[in-house]
Amino acid sequence: MPLTIAKLWIEGRHNPLGIDAETPLFGWSFGPAETQYQRAYRIAVASTEERLANGIADVWDSGTVESGRHTSVRYAGPALEPRRSYFWRVTVWDDEGGQAESPLGLWETGQLGADNWTGRWIGAPAQLDPAKADSASTDPAAAKAGSAEPKTAAAIERLPLPQFRRVFSIRGPVRRARIYISGLGHYELRLNGTKVGDSELDPGWTDYDRTVLYAAHDVTAALRQGENVVGVLLGNGFYNVAGGRYAKFKDSYGEPKCLADLFIEYEDGRTETIGTDRTWRTAPSPLTFSCIYGGEDYDARLEQEGWDAPGFAKDGGWTWAAEVGAPSGKLIAQPSPPVKVMRRFQAAAVTEPKPGIFVYDLGQNFSGWPELETSGPEGARIKLTPAELLTEDGMANQKWSGSPYTLNYTLKGGAAERWRLRFTYYGFRYVQVEGAVPAGHAAASEGKPVVLGIEGQMLYPDVPAAGGFRCSDRMLNRIHELINMAVLSNMKSVFTDCPHREKLGWLEQVHLMGPAVMFNYDIEALLAKVLADIADAQQPNGMVPTTAPEYVVFREPWHMFRDAAAWGGTFILSAWEMLQRYGNLAVLERHYEGMKRYVDYLSAKSDGLILREGLGDWYDIGPKGPGFSQNTPVPLAETAIFYGLAVVMDKIARLLGRYDDASAFERLAASIKAAFNDAFFDPAEASYAEGSDAALAMPLAIGLAPEEHRAALLDRLIRNIEGRGWQTTSGDVGHRYVLLALARGGRSDVIFRMSCHTDKPGYGYQVANGATTLTEAWDGPTVGKSQNHFMLGHLEEWLYTGLAGLDYRYRPDTGRFAVTVKPHAADGIDWAEAWCELRAGRAGVRWEREEGTLKMKVDIPVNAEGTIFIPAASADDVELQGPAAELLKLEAGYAVLRTGSGSFVLTSKIGAGARR
């Protein structure tokens, strides 16, 4: 097959609309081909599709560049103009003289700076401002520590949230129309009676004093000749957490407000911009209550039919909008994919635990909202209470997920009505209904509202699938599903810890679970946004807090919830992982100084290079129940992470040519290692501290353990786990390192055994006890806590890299990817397969037992190098079909082969039942 170019990226996204990158990053991948490597490339950028088709690169031509690089290639042409479409393609030459030209790609710039906005920030005039809630915060640390129940704010009188409208006219054919908008906290944009687009909870959450995001929408097809109407409905989001029901905290950056520019380009060359200002009209909306934590209320009687469409003549109750002060943060285009309704769930069962109270079971725990379809008399009120769990008597149970969170709908009466939330969401499986009866119920004839249907709508960013895993073991497949449902439930514009009680961007899971998530989803653009949030949250002294955006500041005596190395270290480790997985060097360049300041901060706060405070191995298994680290000294875990950060910063500094810094980081790492082993290692016992699983595994996996003691430490770790009946006690931080230590030590068999048991806390236990997402605690389905956390999902990484055996890394020296295939053919598993969509193309592996042999099919994409391990006693035991491969060596029971790109089928006469 000839060389082909499969996909194109700009800033990690396909054909993005409205981005503010002044020098955007290009990338491309390859389809299957007989060729091996890219030898050179040429990027052409034009102002129109026609010019590009005619070979005219009137914006920028990179010229022919001899390089294998195909990710994060920076635009180097003249300054880009705001609100413009740019068209591009890349031509690639391979190592055999072949040539391929990509399909056409495009991107559009956004506003490219505050000076290019016409509109002004507007809000409701004073008489429409919602009543200000008491700004005193509840104690957020207490709930995180598990030492107090969530606190409930008193209900307060408030007015509805505002909506805005603007009438304008179109005179002549329109070539292109875009709306650039930021509505704080969130907005719904409407045009001529219809919601614009399918994104939800826009804009993404940020520290609004540092950064404010806006989005771009293509509205060309929605415009009509003559009168048009644009409408905006505002919600509070995290911008204005006023409380009123449950609230993790209460705080406000200000009252809801919005800024918009409608940019219209006519076919005759005219342009027109309609911006928000005091000529817009505003009125109270039917949204009478909205809190990101407490729920939402909607009174359909307050709807003004046609308010967002031409011909609306009821101006009563509408007044002029007020021009208000802009938020403090810098206004930039939203860099990450929008959140959307991505999955839908129907009720699997309906029960009536008490007379007149009905509970709908959607069969799956997820994050999002219920959509209600109902009919009934005007003024009737239906109350919905979503919940993850049920009480013993079958009622909605919000004990562990933030209570009260309620949704209240007041009917306008008449025909069937449909309602769903706009500016809040929750994690739930069950929906308790009060004030209405299911269709067909005996009480439906008594004039009560009737529930015609309840649909669960799951929200997460529109991220492309980037991988898949399956195997012959049903338990492992189910664990894979649980982990991914938890990942998606906690993926919004930040990675949250849970989709209900906190909804905060706790950072440790971003780097600890980062590889697992990246094997499944393309999150390059989302991670870039997360790193920007971290940069905004970094303190003047270099400290990176545990959450970003930092909406809650944990103070004494809860300071350990604000400052912990495994959390703050995400700034460095996730940026490094973006290079490894996406070839993105730009994030390292962009954040290098901030990352360096964080290591300097840790050095300054340490005691002889030992970090004494932090959270350590949070949520490990011990006698006191889940919470603070019980088995592993906090200083051991914190200092081990500190060492890992210094090692990675050494690599980053060398990569960026900061050689003096690199030498300093190298010396720092060596000093930390010496201090760590002096403080925690007992060579006589071959043990660290008290010998917990995390205490043994972290030095092994991170590289702190002396070489001569590694085997004894691994053996002790295995004996620990075996002695508990194949159970680990590691927690949020330590568990990933337990898995890494075992897998790298050749003991994936231990991982397999400890993951599948169902009689004690662990993955199999959760499945056996009815979990449909990964829970916060190892025994979450029975102990309570959140039923939707992804922080303990580290097994997902092993399912790909260990069991299936597929892993990959970007090589900055060549600009290509290195793919490694090394499966663990576990006893009791007949086959396993995994695939990943690399930035180079699709890589995959499938192995299966076949009549006493082990057969493997391996796919290595173009512009990548493969290293394949297959169990074998000698080279003669391996048969190869496909392109040529070089036998490198025999190593620890594996034959090791080096390949270029292509599809390979390998068969080994032995190894089908061997433990690896």
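Visitor: How do you know that the span of helix α6 agrees with its 14 residues?
Guide: This is a predicted model, and in it helix α6 covers residues 524-537, whose 14 residues should span 20 Å at 1.5 Å a residue; the end C-alpha atoms are 20 Å apart, and therefore the two values agree.

Visitor: Why is α6 called largely enclosed by the rest of the structure?
Guide: A residue counts as buried when its relative accessible area is under 20%, and eleven of the 14 residues of α6 are buried, so the helix is largely enclosed. Among these buried residues are A525, L526, L527, V530, L531 and I534, and also E524, K529, D533 and D536.

Visitor: What do the buried residues of α6 pack against?
Guide: They pack against the strands β16 (211-218) and β38 (450-461), and also against the helices α4 (508-512), α5 (514-520), α8 (570-582) and α9 (586-605).

Visitor: What makes strand β12 mostly covered?
Guide: With the cut-off for buried again at under 20%, ten of the eleven residues of β12 (residues 174-184) are buried, and the strand is accordingly described as mostly covered.

Visitor: How do you know which strands pair with β12?
Guide: Pairing requires at least two bridges; β12 has ten bridges to strand β20 (residues 257-266), running antiparallel, and four bridges, also in the antiparallel sense, to β16.

Visitor: What makes β1 and β6 edge strands?
Guide: They belong to an open sheet of three strands in the order β1-β2-β6, paired antiparallel, and β1 (5-10) and β6 (73-74) each pair on one side only, as an edge strand does. Strand β2 (residues 25-30) is joined to β6 by two bridges, which meets the requirement of at least two, and F26 has V73 as its bridge partner in β6.

Visitor: Which residues have the most contacts inside the largest nonpolar core?
Guide: That core has 218 residues, and I523 and L803 are those with the most contacts inside it. Its largest share, twelve residues, comes from helix α10 (residues 634-655).

Visitor: What is L803 in contact with, leaving aside its neighbours within four places in sequence?
Guide: Contact here requires heavy atoms within 4.5 Å, and by that test L803 touches F469, C471, L476, W798, P823, H824, A826, I829, A832 and W847.

How values were computed:
Residues numbered from 1 in each chain as written. Predicted model: local features only at pLDDT ≥ 70, side-chain atom pairs only at ≥ 80, totals over all residues. Heavy atoms only, no water. Core = buried A, V, L, I, M, F, W, Y, C linked by side-chain atoms within 4.5 Å. Buried < 20%, exposed > 50% of the residue type's maximum accessible area, 1.4 Å probe, protein only. Expected span 1.5 Å × (residues − 1).
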